[in-house]
Amino acid sequence: MLRGSRIQPRRGLDVIKRALATHTPLVEKSCASITPPYAKLIQNLEHVRGILNRPLTLSEKILYSHLVDPQKSLAGGGKIRGEAYLQLHPERVAMQDASAQMALLQFMSAGLSQCAVPTSIHCDHLIQASEGADADLKRSIISNQEVFEFLESASRKYGIEFWRPGSGIIHQIVLENYAAPGMLMLGTDSHTPNAGGLGMLAIGVGGADAVDAMTGTPWELKAPQVVGIHLTGSLNNWSTTKDLILHLAGRLTVRGGTGRILEYFGPGVFNQSCTGLATIANMGAEVGATTSTFPYTPKMNAYLKATGRGLVAIAADEAASQGFLSPDDGAQYDEVIDINLSEIEPTITGPFTPDLATPISKFGSFVKDQGWKDEFSAGLIGSCTNSSYEDMTRVADLARQAQAAGIQAKVPFLCTPGSEQIRATMERDNVTASLEGVGAVVLANACGPCIGQWKREDRKDEENAILTSFNRNFKSRNDGNRLTMNFLASPTVVTAMSFSGKLSFNPITDSLTLPSGEAFKFTPPSGQDLPSAGFAAGEASYYPRPNPRPQPDVEVVIKPDSQRLELLEPFPSHFGENNPRGLELPPLKVLMRVRGKCTTDHISAAGPWLKYKGHLTNISENLLITAVNDEGGDVNKAFDRNMEVSGTIPAIAQSFKARQQPWALIVDENYGEGSAREHAALQPRFYGCALILARSFARIHETNLKKQGVLPLWFVNKADYSRIGSGDIIETVGLADTIRRVPDASIKIRVTKLDGEVFNIETNHTMSSDQLKWLEAGSALNYIRSQI
């Protein structure tokens with residue numbers, strides 16, 4: 001039942017004033033809902049082995065053991081990876097507060113009384129960094145009260161675990177509380193693979209995919225290829241797992257992992273902490289990987305025990321003894337990449353893309369060659385990528401060295417703890433005091449500047465550089481300034497360089513001049529992967545009640561006049577009586593041809609727009625506002641050739657919708673890379689987009705488009721991209737046969753130019769039989785609803 005009246009949240013959303021008495025140690029968790037059903041999975045895997053009759057990679061073991069019907073999905077054991085569509089049953093769903101709004105609105109429309117799998121919501125994206133932890137948290141709770149009450153009331157109604165504002169970042173919390181070796185889970189955030197640090201498959205998806213799992217509908221995934229990354233040697237001195245993944249991003253590029261799982265193996269894996277492996281898995285998203293994983297290690301066992309999941313560790317040990325949590329001997333990979341960790345050098349990537357990798361020994365020359373100022377304006381550490389206890393104790397070591405030498409950070413130095421557990425443990429062990437002693441400002445346990453939630457008052461519209469330990473560095477992402485260059489590095493490199501303020505400073509070789517005139521040089525930092533005194537739990541009221549029962553009488557809070565939340569209306573089918581072309585799409589007018597990199601940040605900006613994540617009408621007004629039109633090179637400019645006017649991209653899209661003109665986009669390579677935000681698919685669909693024709697797509701975004709009833713097609717000849725422009729009419733030819741499953745059917749596009757010229761171009765598609773049903777129904781949710 002949906003009502004406009006307010007409810008009082010169970011404990012209220014008041015700010016908890018943290019006291020020093022928050023150092024209570026963790027207690028052993030109830031592990032029933034977080035321990036994978038290993039016996040059932042291993043039994044299912046035996047069925048799979050009978051079909052495939054070959055050695056399996058770890059990724060295949062985890063994925064195929066979660067198949068709904070192995071015989072149907074594996075189709076007699078032919079070529080599977082990169083070809084077959086798998087019907088899977090994930091064991092868990094996790095959602096952050098920005099993406100959870102739309103996911104819940106879709107789930108509610110399905111009419112079910114509870115979630116089919118354990119589900120959690122994490123309030124981390126809506127907290128803006130400005131002054132410091134307590135002030136920022138208080139202000140953000142007030143400004144987002146309406147959304148938090150909606151999320152909490154829906155959580156109570158449907159039996160979802162609700163992690164309150166201040167509890168921490170979704171990925172750190174999942175690693176600390178829910179992740180388990182061999183598990184398959186979905187998360188509505190592109191960095192969900194972070195949980196792969198515990199030897200599982202955690203996959204970032206849009207909200208509609210999450211709804212599949214939440215409703216008990218089999219979740220479909222095209223079987224990824226598996227890239228084996230063989231690690232040997234040991235990381236030296238200043239080098240960290242962050243440097244490994246930055247190095248790998250430089251080798252693979254932002255497209256190199258698309259349609260692939262990165263599976264690490266070899267002796268080098270066993271030298272890394274569990275949280276260090278999580279850092280690697282987290283940034284697999286930056287190369288487009290479906291997810292990343294590792295064989296079960298003793299350090300994973302130790303981390304499970306240290307975080308109150310000893311029973312999971314015992315069960316995982318038994319599963320590992322049966323060979324479930326490691327690849328088979330002789331398993332074949334689609335590609336093998338050998339990396340000697342002893343040769344990995346601290347690396348910095350950027351600006352504006354995470355795959356422009358430069359070893360620190362060459363970075364100063366790189367900056368000079370580009371003509372940039374040898375300075376940066378802020379150093380930021382933490383985020384979901386690098387906020388573990390190991391990361392924080394390593395940077396605290398550097399801070400203590402600096403404090404002993406009598407120096408302070410030369411630039412604003414901001415630190416984001418990943419969770420309340422990490423924050424409380426840092427405080428107890430004097431890590432926080434060490435950082436604050438050299439000028440650091442500790443922010444709230446939230447995403448903050450990493451996702452654009454940074455109320456930055458300086459350097460507006462001014463070219464400047466920042467150094468961060470974040471995972472993503474697209475233009476305008478962190479502070480809304482397209483001229484801010486974000487360089488990604490390890491927390492230790494960011495911290496050490498913050499005492500210099502110069503981009504050319506190399507802490508491995510360079511010294512700082514003290515006020516006395518003496519030279520000071522950092523020694524390589526050391527840290528602890530696990531705290532000697534155990535983790536502190538922190539503020540107990542941030543934590544949810546484990547395994548909550550649904551409360552069907554709870555009223556979900558949505559105000560009738562809300563500008564933050566809006567109930568969803570089903571999208572209409574493209575087919576039917578209003579379309580004389582039958583099962584072909586109606587004639588579509590091309591809105592624009594998008595030039596170059598177009599991430600989900602370009603399609604649906606975050607920052608100040610996050611407040612509209614639950615209101616499709618309002619957030620759609622940011623559609624493609626930072627995209628470049630290839631016809632003229634302007635940002636946020638489109639043309640209405642019928643009316644002979646130009647305007648912003650949302651304005652022209654709105655005018656097409658107003659006159660019921662369905663439309664299409666022509667886009668470049670890796671369209672939709674970056675965040676998992678499904679709004680980048682919902683918004684064009686809301687305005688009437690029916691087809692997007694690309695040189696190539698990023699995986700999550702392509703799936704999100706399919707879920708919302710937008711047909712994604714790929715150019716066979718990428719040069720055809722330039723042959724289609726705004727105002728042209730395009731029509732599908734062969735879609736009807738494809739929907740009817742006619743053998744060897746293909747989809748062509750007939751283009752009618754403004755001058756009357758007509759020609760056909762060849763396209764490819766990746767639509768499965770179920771995905772074609774979604775398209776025909778108007779969206780995946782329409783189809784699911786028809787089957788319930």
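Visitor: Where is leucine 610 found in this model?

Guide: In this predicted model, leucine 610 is found in the loop that lies between helix 18 (600–603) and helix 19 (616–619).

Visitor: Why does leucine 610 count as buried?

Guide: Its relative accessibility is 3%, and buried means under 20%, so leucine 610 counts as buried.

Visitor: Which residues is leucine 610 in contact with, leaving aside its neighbours within four places in sequence?

Guide: Leucine 610 is in contact with Ala98, His125, Leu126, Ile451 and Gln453. As for aspartate 97, 513 residues apart from leucine 610 along the chain, the C-alpha atoms of the two are separated by 9.8 Å.

Visitor: What makes helix 4 and helix 8 oblique to each other?

Guide: The axes of helix 4 (residues 97–109) and helix 8 (residues 207–214) come within 9 Å and cross at roughly 45°. Angles under 35 degrees count as roughly parallel and 65 to 115 as roughly perpendicular, with oblique kept for the rest; helix 4 and helix 8 are therefore oblique to each other. Helix 4 passes helix 8 in a right-handed crossing, and the contact is made by Ala103, Leu104, Gln106 and Phe107 of helix 4 together with Gly207, Ala208, Val211 and Met214 of helix 8. By class, this contact of helix 4 with helix 8 has six nonpolar, two polar and no charged residues.

Visitor: Why are helix 14 and helix 17 called roughly parallel?

Guide: The axes of helix 14 and helix 17 (residues 491–498) come within 9 Å and cross at roughly 25°. Since angles under 35 degrees count as roughly parallel, helix 14 and helix 17 are therefore described as roughly parallel to each other. Their crossing is right-handed, and the contact is made by Asp391, Arg394, Val395 and Leu398 of helix 14 with Pro491, Thr492, Thr495 and Ala496 of helix 17. By class, the contact of helix 14 with helix 17 has four nonpolar, two polar and two charged residues.

Conventions. Residues numbered from 1 in each chain as written. Predicted model: local features only at pLDDT ≥ 70, side-chain atom pairs only at ≥ 80, totals over all residues. Heavy atoms only, no water. Axes fitted to C-alpha atoms, helices over the stretch in contact; angles between N-to-C directions. Helix = DSSP H or I, 4+ residues; strand = E, 2+ residues; numbered from the N terminus. Parallel < 35°, antiparallel > 145°, perpendicular 65-115°, else oblique. Left-handed = near helix turned anticlockwise from the far one by under 90°. Contact = heavy atoms within 4.5 Å. Nonpolar A, V, L, I, M, F, W, Y, C, P; charged D, E, K, R; others polar. Buried < 20%, exposed > 50% of the residue type's maximum accessible area, 1.4 Å probe, protein only.
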